Amino acid sequence: MKVVILSCLLAAVLGADYDEDKAGFDANDLDGDGVVRPEELLTSIEQNDLNNDGIISIEEIAATQLPGTPEIVIQGTFNYYDKLDGAADGVISLSVAPVLFHIFDANGDGEITLDEWFITLPQVNDGIQNEIMALYTA
């Protein structure tokens with residue numbers, strides 16, 4: 001029963017919603033030209049560094065989530081990006097930006113299009129979901 005409840009929770013939190021997913025793309029396309037470039041993604045990530053110390057803490061991630069987001073979802077999201085930056089050390093380094101950019105830039109041309117965003121977003125969401133499941137089963 002717990003697995004069913006968690007699956008429903010994950011579907012609600014990480015589920016595919018075109019408008020929300022496009023809004024995520026648009027939030028990273030800072031100049032609104034229809035593509036996300038490396039510097040735009042870095043700037044978007046830097047916006048999560050609320051105290052401008054060059055790293056993103058779990059508290060900063062929590063502060064950027066929607067009110068009512070379950071703690072396990074916040075922790076799983078944080079864990080995914082913490083590992084993605086190359087060191088699971090309890091903080092997210094800004095070095096996560098080029099790694100994340102590489103994931104989203106499916107064709108490797110140095111730009112993320114909306115099509116690439118939709119193609120690769122499930123990979124990121126799956127990584128977050130795996131981290132949430134690991135917390136749930138721990």
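# Notebook: helix packing and the core

I started with the order of elements, which from the N terminus on reads α-α-β-α-β-α-α-β-α-β-α. That comes to seven helices and four strands, where helices (H or I, at least four residues) and strands (E, at least two) are DSSP runs numbered from the N terminus. This is a predicted model, so I kept in mind that local features need pLDDT of at least 70, that side-chain atom pairs count only at pLDDT 80 or more, and that totals for chains, interfaces and linings use all residues. Residues are numbered from 1 along each chain as its sequence is written, and side-chain values use heavy atoms, with hydrogens and water left out.

**Entry 1: overall numbers**

I looked up burial: 36% of the protein's 138 residues count as buried. Buried means under 20% relative accessible area, exposed is over 50%, and partly exposed lies in between (1.4 Å probe, protein chains only). I also checked contacts, meaning heavy atoms within 4.5 Å. Of those with a separation of 6 or more, 52% are between residues 24 or more positions apart.

**Entry 2: the core**

Which residues touch the most other members of the largest nonpolar core? I found Tyr81, Leu100 and Val124, in a core of 26 residues. At least two core residues come from each of α3 (38–46), α4 (58–63), α5 (71–84), α6 (96–104) and α7 (114–137). A nonpolar core here is a set of buried Ala, Val, Leu, Ile, Met, Phe, Trp, Tyr and Cys residues joined through side-chain atoms within 4.5 Å. As a reminder to myself, nonpolar side chains tend to be buried together in soluble globular proteins.

I then picked out leucine 100. Leaving aside neighbours within four places in sequence, leucine 100 is in contact with Leu41, Ile45, Tyr81, Leu84 and Val124.

I took α5 with α6 next. Their axes are 9 Å apart and the packing angle is about 100 degrees. Axes are lines fitted to C-alpha atoms, for helices over the stretch in contact, and angles run from 0 to 180 degrees between N-to-C directions. The two helices are therefore roughly perpendicular to each other, on a scale where under 35 degrees is roughly parallel, over 145 roughly antiparallel, 65 to 115 roughly perpendicular and the rest oblique. On the α5 side I noted Tyr80, Tyr81 and Leu84, and on the α6 side Val96, Val99, Leu100 and Ile103. By class, this contact has seven nonpolar residues, no polar and no charged. For the classes, Ala, Val, Leu, Ile, Met, Phe, Trp, Tyr, Cys and Pro count as nonpolar, Asp, Glu, Lys and Arg as charged, and the others, Gly among them, as polar.

For α3 and α6, I read that the axes come within 9 Å and cross at roughly 125 degrees, so this pair is oblique. Their crossing is right-handed; a crossing is left-handed if the near helix is turned anticlockwise from the far one by less than a right angle, and right-handed if clockwise. Pro38, Leu41, Leu42 and Ile45 of α3 meet Val96, Ala97, Leu100 and Phe101 of α6. Here I count eight nonpolar residues, no polar and no charged.

**Entry 3: α2 against α7**

What kinds of residue make up the contact of α2 with α7? First the geometry: α2 (residues 18–28) and α7 pack at about 120 degrees with axes 10 Å apart, which makes α2 oblique to α7. This crossing is right-handed. From α2 come Tyr18, Asp21, Lys22, Gly24, Phe25 and Asn28, and from α7 come Leu114, Trp117, Phe118 and Leu121. The classes are six nonpolar, two polar and two charged.

**Entry 4: single residues**

I checked threonine 43, which is in helix α3 and is partly exposed at 31% relative accessibility. Its C-alpha is 8.9 Å from that of alanine 97, 54 residues away along the chain.

Glutamate 46 also lies in helix α3, and at 33% relative accessibility glutamate 46 counts as partly exposed.

Buried or exposed: where does glutamate 71 fall? This residue of helix α5 is exposed at 51%. Glutamate 71 and isoleucine 132 are 61 residues apart in sequence and 9.9 Å apart, C-alpha to C-alpha.

Last, I flagged asparagine 52, with a positive phi near 55 degrees. Most residues other than glycine have a negative phi. Asparagine 52 sits in the loop between α3 and β2 (55–56) and is exposed at 66% relative accessible area.
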